[in-house]
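My notes follow in the order in which I looked things up.

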Amino acid sequence: MSASRTFSKALRPLGRQLATPAAQRRTFVAAAGLVRASAVAAARTAAAPVAKQQTRGVKTIDFAGSKEDVYERADWPIEKLQEYFKNDTLALIGYGSQGHGQGLNLRDNGLNVIIGVRKNGKSWQDAIQDGWVPGKNLFEVDEAISKGTIIMNLLSDAAQSETWPHIKPQITKGKTLYFSHGFSPVFKDLTHVEVPTDVDVILCAPKGSGRTVRSLFKEGRGINSSFAVYQDVTGKAKEKAIAMGVAIGSGYLYETTFEKEVHSDLYGERGCLMGGIHGMFLAQYEVLREQGHSPSEAFNETVEEATQSLYPLIGKYGMDYMFEACSTTARRGAIDWTPRFKDALKPVFSDLYKSVKDGSETKRSLEYNSQPDYREKYEKELEEIRNLEIWRAGKAVRALRPENN
């Protein structure tokens, strides 16, 4: 059996003041609050001392009293990137969300990047649609690895585990092994991904999906990312990790470890970023419906106002600014109820972190995502979410937004 066929086989098993209508009252109060909040923000900006920091290089930033070094894109203009990687071939293995975003950004930055995926599979076809050319910069996995000096393993976590016995012998001395998630090396007792001892092993983890990595790059912005060094054989692994971070489209990078990256990532996804926030949306919506509120009102009060009005303010200016932009009644209630929610939720978050750290979440993920029919099972779960009343109501609400008409 050929090497490429062996790889293919290994891979296969694998969002109220009295007389006026509520909406108008809120709009007026929020607008008045927003004016006040804008004045506060402007005053803060005017009062803040101007930091005298170099345009390029490492900046030491005070994060709430803790000083950390931040590495900026400005220190790696495209000419410097191209010079730094002029003798390298970046072999990107896997063409899912991160493979798509990172690969296209590397290509647009003028670096020698090639894609390695199973021939004629879905990822192969996706790559061709994105302009990758078979035999030029699109190859089967084994050929891509043989050509590469920096091997970017962007297969799914389960696929990395399944294919590692085949891939590892090809990661020979002189190459660099790159990950965008600390999952496989950190939980090696479960994944069996024992990295070779004679190569640099680095990580750059964008804080967002591969689609966001790509869209922010195209907008001239850049996603924030973390980087880490797992193994430094050459003495240049850290510099290489930072350069790779900028090359894939990061605007700035902060240093972490493989362990902290994977622990915080799994924890965040299951908590506030996805699982926890969905649970809160469902709980609030269901109580509103039980109390006789219509689907549209329940959705607007739970999701639409949060994502369209309040969360963007938090993202841009912070929680205090968002409070300042709301009515005094809303502000008072939010401040009063915050401790109760924190006290109720913190034990759940503590249990979650323990489950991440002890490998339980990794075990669950590997077992589920390695099943031959996992895609069908996953689609069934997504269909159940799609058909929940809250999200069916949301589809109708989103259609009413002015930009959608």
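**Entry 1: Leu106 and its neighbours.** I began with the contacts of Leu106. Leaving aside residues up to four places away in sequence, Leu106 touches Leu90, Leu111, Val113, Met152, Ala247 and Ile248. I note for the whole notebook that this is a predicted model.

**Entry 2: The cores.** Next I looked up the largest nonpolar core. It has 33 residues. Leu106 is among those with the most contacts inside this core, and so are Phe85, Leu90, Trp132, Met152, Tyr178 and Met244. H11 gives the largest share, with 7 residues. I also found a second, separate core of 32 residues. Ala91, Leu177, Val186 and Leu366 are included in that second core.

**Entry 3: Strand E8.** I counted 7 of its 7 residues as buried. Which way do the residues of E8 point? Asp200, Ile202, Cys204 and Pro206 point one way. Val201, Leu203 and Ala205 point the other way. Both sets are buried.

I then looked for the strands that pair with E8. Strand E7 (residues 176–179) pairs with E8 in the parallel sense, over 4 bridges. In this pairing, Leu177 stands opposite Val201. I had already noted Leu177 in the second core. Strand E9 (residues 223–231) pairs with E8 in the antiparallel sense, over 6 bridges. There, Cys204 has Phe227 as its bridge partner in E9.

**Entry 4: His166.** I moved on to helix H7 (residues 157–167), where His166 is found. Is His166 buried or exposed? Its relative accessibility is 16%, so His166 counts as buried. I looked for a polar partner and found Asp142: the two side chains make a polar contact at 2.7 Å.

**Entry 5: Glu379.** I wanted a glutamate with a polar contact as well. Glu379 lies in helix H18 (residues 374–386). Its side chain makes a polar contact with the side chain of Arg386, at 2.9 Å. Glu379 has a relative accessible area of 36%, so I wrote it down as partly exposed.

**Entry 6: Cysteines.** How many disulfides does the structure hold? I found 0 disulfides. Cys272 has a relative accessible area of 59%, so Cys272 is exposed. Cys326 is at 14%, so Cys326 counts as buried.

**Entry 7: The UniProt record.** Last, I turned to the record. Which residues does UniProt list for "binding site"? The entry is unreviewed, and it lists Asp265, Glu301 and Glu305. I noted 32% relative accessibility for Glu301, so Glu301 counts as partly exposed. For Glu305 I noted 22%, so Glu305 also counts as partly exposed. The cut-off matters here: buried means under 20%, and partly exposed runs from there up to the exposed class, over 50%.

Notes:
Residues numbered from 1 in each chain as written. Predicted model: local features only at pLDDT ≥ 70, side-chain atom pairs only at ≥ 80, totals over all residues. Heavy atoms only, no water. Helix = DSSP H or I, 4+ residues; strand = E, 2+ residues; numbered from the N terminus. Buried < 20%, exposed > 50% of the residue type's maximum accessible area, 1.4 Å probe, protein only. Polar contact = N/O pair within 3.5 Å; in protein donor to acceptor, adjacent residues only side chain to side chain. UniProt positions renumbered as here; feature names shortened; annotations may be inferred. Disulfide = S-S within 2.5 Å. Core = buried A, V, L, I, M, F, W, Y, C linked by side-chain atoms within 4.5 Å. Contact = heavy atoms within 4.5 Å. Pairing = 2+ DSSP bridges.
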